[in-house]
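Visitor: I'm new to this one and would like to learn how to read it. Could you walk me through it?

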Amino acid sequence: MSKFRLDEVDHQILDMLIDNTRVPFTDIAKKLLISAGTVHVRVKKMEDAGIIQGSSLTLDYEKLGYSFIAYVGVFLHNTSQTKFVLERINQIPYVTVAHITTGKFNIFCKIRARDTKHAKEVIFMIDDIDGVYRTETMISLEESINDKKRLMHTIFKEL
């Protein structure tokens, strides 16, 4: 498969979508002095090439009552259990991110909870999964940086 080439117009479209995935194509077209149809076709091509994979919604978890963040390192009895354990972790909706890792932990998770009591319940759910040897938890005192947009803008400037 050949590499999909992005031109300057594609970069500009992506920059606008990164800032606001809900911006209408007509608004993008007006700013770039192209037709809305052109924007639609280019976005569709980037979706077909796998460059754009859906869109996301940013929530204010604090306003929703889920401001407690913890990171849970998971130790497994055996690395061959990784897939099974990840399938079970995926069934816990409060686990928002999970990585297979090297180093100290076999799996590293981010959880969101209402409070410490709720976080304890989520951690115990992870502990109860067959194959989990033990867990180690770190509580986030504050999420100081959570900005994927800066990285995406940088990547597209480098292309």
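Guide: Let's begin with a term. On a 1 Å grid over the protein atoms alone, a pocket is an open set of points where a 1.4 Å probe fits, with protein on both sides within 12 Å along at least five of seven lines, and lining residues have an atom within 4 Å of a point. Grid points are joined across faces, edges and corners, and the volume is the space filled by probe spheres set on them. Two notes on the source: the model is predicted, so local features need pLDDT of at least 70 and side-chain atom pairs count only at pLDDT 80 or more, while totals for chains, interfaces and linings use all residues. Residues are numbered from 1 along each chain as its sequence is written, and side-chain values use heavy atoms, with hydrogens and water left out.

Visitor: How much space lies in the largest pocket, and which residues are closest to its centre?

Guide: The largest pocket holds about 1,300 Å³ of space. Its lining has 38 residues, and Ser56, Leu57, Thr58, Lys148 and Met152 are the closest to the centre. Helices and strands here are DSSP runs numbered from the N terminus (helices H or I, at least four residues; strands E, at least two). At least two lining residues come from each of helix H1 (8–19), helix H3 (36–48), S2, S3 and helix H6 (148–158).

Visitor: In what order do the strands of the open sheet come?

Guide: Strands count as paired if DSSP finds at least two bridges between them. Here four strands form an open sheet in the order S2-S3-S1-S4, with antiparallel pairing. Strand S2 (95–100) and strand S4 (132–139) are at the edges with a single partner strand each, so one side of each has no neighbour in the sheet.

Visitor: How many bridges join S2 to S3?

Guide: Five, and the two run antiparallel. Ala98 has Cys109 in S3 as its bridge partner, and Val95 has Ile111. Six residues lie between these strands in their hairpin, where Gly103 takes a positive phi near 90 degrees. On the other pairing, S1 (residues 68–76) and S3 (residues 107–113) are antiparallel over seven bridges. Phe68 is bridged to Ala113 in S3, and Val74 stands opposite Ile107 in S3.

Visitor: Is S3 largely enclosed or left open?

Guide: Buried means under 20% relative accessible area, exposed over 50%, and partly exposed in between, using a 1.4 Å probe and protein chains only. Six of the seven residues of S3 are buried, so this strand is largely enclosed by the rest of the structure.

Visitor: Which residues have the most contacts inside the largest nonpolar core?

Guide: The general idea is that in soluble globular proteins, nonpolar side chains tend to be buried together. A nonpolar core is a set of buried Ala, Val, Leu, Ile, Met, Phe, Trp, Tyr and Cys residues joined through side-chain atoms within 4.5 Å. The largest one has 19 residues, with Val74, Val95 and Ile111 making the most contacts inside it. S1, helix H4 (82–89), S3 and helix H5 (116–127) each give two or more residues to this core, and S1 gives the largest share, five residues. Apart from this core lies another of 14 residues, including Leu14 and Val43.

Visitor: Where is Leu33, and is it buried or exposed?

Guide: Leu33 lies in the loop between helix H2 (25–32) and H3. With a relative accessible area of 77%, Leu33 is exposed. Its phi is near 60 degrees, a positive value in a residue other than glycine.
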